[in-house]
Amino acid sequence: MRLCGVVQVCLLAALMAAAWSGGRVQVTLAQTQSSEGVPLRKQTAPGKDVGPAENRTTVGLLAGTPQCTESAIAQDIATTLASGQESGPHGEVALRVLPIVGNGGIRNLSDVLTLAGADLAIAPVVLADRLRDSRAFGDIRDKLVYVTPLYVEEFHLLARPEIASLADLAGKSVNLGEADSAGAVLGREVLNRLDVKINELNLGPEAALDQLRKGQIAAALLVSGQPVSVLAHDLRIDGVHFLSIPYAQALQQDYVPTTLQHQDYPDIIAAGAHVDTVAVESALFAYNWPARSDRFQLLQLFVQTLFSRFGEFLGDAHHPKWREVNLAAQLKGWQQFRPAERWVQREITLRGAFGRFLDQKAIGNTPDREGLFREFLQWRDRNQRR
């Protein structure tokens, strides 16, 4: 049942009163492997320059290769936040997000720690955990923080027709992705834990798919959020299919079980079928600039803009992975960027007050509940800017 306009106005006004009262430097890593297969060497905590003055309104966001979902997510952020801003007399804006091509893995995190102009990175949480625990960059707990957990990145293991199972990959050439990427590091780990010994290659996605098409390699791995556009449309490799990756006990500490679906990959997975695989959680990490510095304030503006406009990312025009994002979720073992933490706490407080208000009015779980809450937030933001 839809609320009438008069009731909505009353609810918004009452809740508004309640709310106001409450108030690229390349880092060379040693080739020796850690116990988890991540190439690391110990060194002191890195320094980081603020970069040129002309970047004072630009936030650099490291993602994955252009073919991966993480790059699409970064582009979603850049294009959406670029719209709706007031510009200065010469067209300048207060906030610009610049997507930067990365490898989606260790290098994304090391670049955020060292590279001027790289403020944010999308990366698997397990790699950040290992980088922190290894102390390869010293104690990074106060240097690397998270803005928000994101979504899971699925393992897509694409194989030629003659490969029926993981066991058939033994001794074969398999591409895991570029060196130090999430696919290379984590793919190697998963196969080792499952006792599958391969001849590892480290090619980019396009080169790997070309070699798979020509029969020069047996399989190729891509770790990225489904659907991955390069696999979902016009793949054109006859007989290619996804291999199932079992959720064995050896994987259960660091990975989660999931499936690849027909609706995401209709040319690879038959109707009504799915493929079991594993996935890792990803997050949006940030460099923890000193409080009250210009870069800190710019990231604070980024967080406020991204979070307040989050509803815009949930529509069909954006990647489906946005619907997995929960801004209120927490990342165990990491501190959250303070402006993001404060925003989430305010949101929780507002939602609690909003729910209690509706309960007092005996409105209950109306279908308009979420829409009305978003409408209230937009109305509040408009009035606060006046």
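Which element gives the most to the lining of the second largest cavity? Helix α5 does, with three residues. The legends below treat this cavity and other close-up views of a predicted model.

**Figure 1. Overview of the predicted model.** The protein has 386 residues, and 49% of them count as buried. Ten helices and ten strands make up its secondary structure elements.

**Figure 2. The largest cavity, with a volume of about 280 Å³.** Here 26 residues form the lining. Cys-68, Pro-205, Leu-221, Leu-222 and Val-223 lie nearest the centre. Two or more lining residues come from each of β4, α5 (182-193), α6 (205-214) and β7 (219-224). Strand β7 has the largest share, four residues. The lining divides into 13 nonpolar, ten polar and three charged residues.

Figure 3. The pocket is lined by 15 residues. Val-125, Asp-129, Gln-253, Asp-254 and Glu-281 lie nearest its centre. The elements giving two or more residues to this lining are α4 (125-134) and β10 (274-287). Helix α4 provides the largest share, four residues. Seven lining residues are nonpolar, three are polar and five are charged.

**Figure 4. The largest nonpolar core, with 84 residues.** Nonpolar side chains tend to be buried together in soluble globular proteins. Which residues have the most contacts inside the largest core? They are Ile-77, Phe-155, Leu-169, Phe-285 and Phe-302. Strand β4 (residues 144-159) contributes the largest share of this core, nine residues. A second, separate core has 20 residues, including Ala-208, Leu-212, Leu-235 and Leu-260.

**Figure 5. Val-280 in strand β10.** Val-280 counts as buried because its relative accessibility is 1%, under the 20% cut-off. Beyond residues up to four places away in sequence, Val-280 touches Pro-124, Val-126, Tyr-151, Val-152, Glu-153, Phe-155, Leu-186, Val-223, Asp-254 and Tyr-255. Val-223 is 57 residues away along the chain, yet the two C-alpha atoms are separated by 8.7 Å.

Figure 6. The buried residues are Ile-106, Asn-108, Leu-109, Ser-110, Asp-111, Val-112, Leu-113 and Thr-114. They pack against β1 (58-62), β3 (120-124), α4, β4 and β10.

**Figure 7. Backbone geometry at Pro-227, Asp-180 and Asp-195.** Most residues other than glycine have a negative phi, and most peptide bonds are trans. The peptide bond from Gln-226 to Pro-227 is cis, with omega near -5°. Pro-227 sits in the loop between β7 and α7 (229-232). Asp-180 is not a glycine, but its phi is positive, about 70°. Its place is the loop between β5 (173-175) and α5. Asp-180 is partly exposed, with a relative accessible area of 23%. Asp-195 also has a positive phi, near 60°. Asp-195 lies in the loop between α5 and β6 (199-201). At 59% relative accessibility, Asp-195 counts as exposed.

**Figure 8. Ala-248 in the loop between β8 (241-242) and β9 (256-261).** Ala-248 counts as partly exposed because its relative accessibility is 25%. Which residue lies 54 residues from Ala-248 in sequence and 7.7 Å away in space? Leu-194 does, C-alpha to C-alpha.

Terms used:
Residues numbered from 1 in each chain as written. Predicted model: local features only at pLDDT ≥ 70, side-chain atom pairs only at ≥ 80, totals over all residues. Heavy atoms only, no water. 1 Å grid on protein atoms, 1.4 Å probe; cavity = no way out; pocket = protein on both sides within 12 Å on 5 of 7 lines; lining within 4 Å. Nonpolar A, V, L, I, M, F, W, Y, C, P; charged D, E, K, R; others polar. Core = buried A, V, L, I, M, F, W, Y, C linked by side-chain atoms within 4.5 Å. Buried < 20%, exposed > 50% of the residue type's maximum accessible area, 1.4 Å probe, protein only. Points joined across faces, edges and corners; volume = space filled by probe spheres on them. Contact = heavy atoms within 4.5 Å.
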